[in-house]
Amino acid sequence: MNEPMLEKLLNAKKYQDVCPDTVRRVWAECREKYKRPKEAERAAREALHGITGAFLTPGEAKRCADALCEWAAQGRDDAGLERILAQHASTRERLPLSRMDALYEKIFAIAGRLESVLDLACGLNPLYLGARGIRTVGLDISGQSVNLVNNFAASCGAPVRAVCADLLCEGAIPEERFDLALLFKALPLLERQRAGSAAAVMSRANARALAVSFPPRTLGGRDVGMERHYAEWMEARVPEGFAIAGRFADGNELFYILKEEHTLP
């Protein structure tokens with residue numbers, strides 16, 4: 001009786017860019033929680049609406065695609081790359097590129113030797129990493145972001161690829177070994193959807209170092225104790241076999257770099 005409602009959600013235009021596994025997961029969770037199918041459907045739509053709120057708007061996606069074409073055709077300069085990255089909120093807040101370069105230089109200096117990156121909940125971040133020649137695999141539940149990353153790689157031969165995958169679903173995280181896994185501002189979002197999931201995702205990332213970040217202030221810039229809260233949360237959940245190798249603030253982000261204990265001096 002309930003499966004037609006799942007098909008309805010999967011085929012809904014407003015969710016066409018959402019990872020199908022995410023739609024199935026949200027529906028299963030709501031179906032288990034609510035006895036009445038209509039209540040489950042309403043709750044699932046509310047949950048999916050909250051998830052898609054961080055996606056690129058159609059206008060942003062088009063501007064990004066146009067900027068990608070222009071960048072690939074006209075020299076692949078940093079100014080063009082910056083215009084591309086400015087279309088997504090998560091990369092826009094780390095611009096300009098000079099600041100982004102400095103941020104990654106700091107991360108890489110702590111993480112150590114680097115040849116491969118796993119970018120979890122990646123957004124458009126693999127575009128930056130690929131443009132800097134870093135082999136990257138990105139995972140995201142936004143089909144738009146995944147397509148933009150893969151189109152970028154096809155247009156310029158950058159060593160990146162993206163996969164539409166839900167970090168809360170079994171088997172989503174690749175078993176391949178990476179030098180560094182990124183989880184930028186993703187852990188609080190995962191934890192709100194399912195308690196305990198953030199620590200589980202960190203433990204499943206097959207990398208010798210992790211770089212995770214948290215928002216230390218509200219979107220309006222208010223200091224309401226978020227940095228202290230997330231610092232205490234993170235330091236109580238360092239995955240087994242890892243240790244904190246570095247912590248620093250940059251802009252509106254608090255970063256932790258974790259490394260396998262046996263790699264530390």
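**β7 and its neighbours**

I started at Ala249 and looked up its bridge partner in β7, which is Leu254. Helices (H or I, at least four residues) and strands (E, at least two) are DSSP runs here, numbered from the N terminus. I'm working on a predicted model, where local features need pLDDT of at least 70 and side-chain atom pairs count only at pLDDT 80 or more, while totals for chains, interfaces and linings use all residues. Residues are numbered from 1 along each chain as its sequence is written, and side-chain values use heavy atoms, with hydrogens and water left out.

Next I checked how β6 (residues 242–250) meets β7: they are antiparallel, with eight bridges. Strands count as paired if DSSP finds at least two bridges between them.

What about β5 (residues 209–214)? It also runs antiparallel to β7, joined by six bridges. There I found Phe214 opposite Leu254.

Then burial (buried is under 20% relative accessible area, exposed over 50%, partly exposed in between, with a 1.4 Å probe and protein chains only). Eight of the eight residues of β7 (residues 253–260) are buried, so the strand is largely enclosed by the rest of the structure. I went through both faces: Glu253, Phe255, Ile257 and Lys259 are buried on one side, and Leu254, Tyr256, Leu258 and Glu260 on the other.

**Aromatic rings**

I counted nine aromatic pairs in the structure. For the cut-offs, rings of Phe, Tyr and Trp (its six-membered ring) pair if their centres lie within 6.5 Å; planes under 30 degrees apart are stacked, over 60 edge-to-face, and the rest tilted. I picked Phe184 and Phe255: their ring centres are 5.5 Å apart and the planes sit at 90°, so this pair is edge-to-face. It links distant parts of the chain, with Phe184 in β4 (residues 180–184) and Phe255 in β7, 71 residues apart. Phe184 is buried at 11% relative accessible area, and Phe255 is buried at 0%.

Which residues do the ring pairs link into a cluster? I noted Tyr104, Phe108, Tyr128, Phe184, Phe248 and Phe255. Lys106 lies over the face of Phe248, 4.7 Å from the ring centre; the test is NZ of Lys or CZ of Arg within 6 Å of the ring centre and within 35 degrees of the ring normal.

In α3 I found Ala40, Glu41, Ala43, Ala44, Leu48, Ile51 and Thr52 buried. Down the axis of α3 they fall within an arc of 165° (taken from the directions from the axis to the C-beta atoms), so they line one face of the helix. On the face turned away, I see Lys38, Glu46, His49 and Gly50 exposed. The cover over the buried residues of α3 includes α1 (3–11), α2 (20–33) and α10 (187–193).

For α5 (residues 78–85), I have Gly80, Leu81, Ile84 and Leu85 as buried. Their arc is only 135° around the axis, which puts them on the same side of α5. They pack against α4 (58–73), α6 (89–92), α7 (97–111) and α8 (125–131).

**Pro159**

Last, I looked up Pro159, in the loop between α9 (143–156) and β3 (160–164). Pro159 is partly exposed, at 34% relative accessibility. Leaving aside neighbours within four places in sequence, I found Pro159 in contact (heavy atoms within 4.5 Å) with Gly130, Gly133, Ile134, Arg135 and Thr136.
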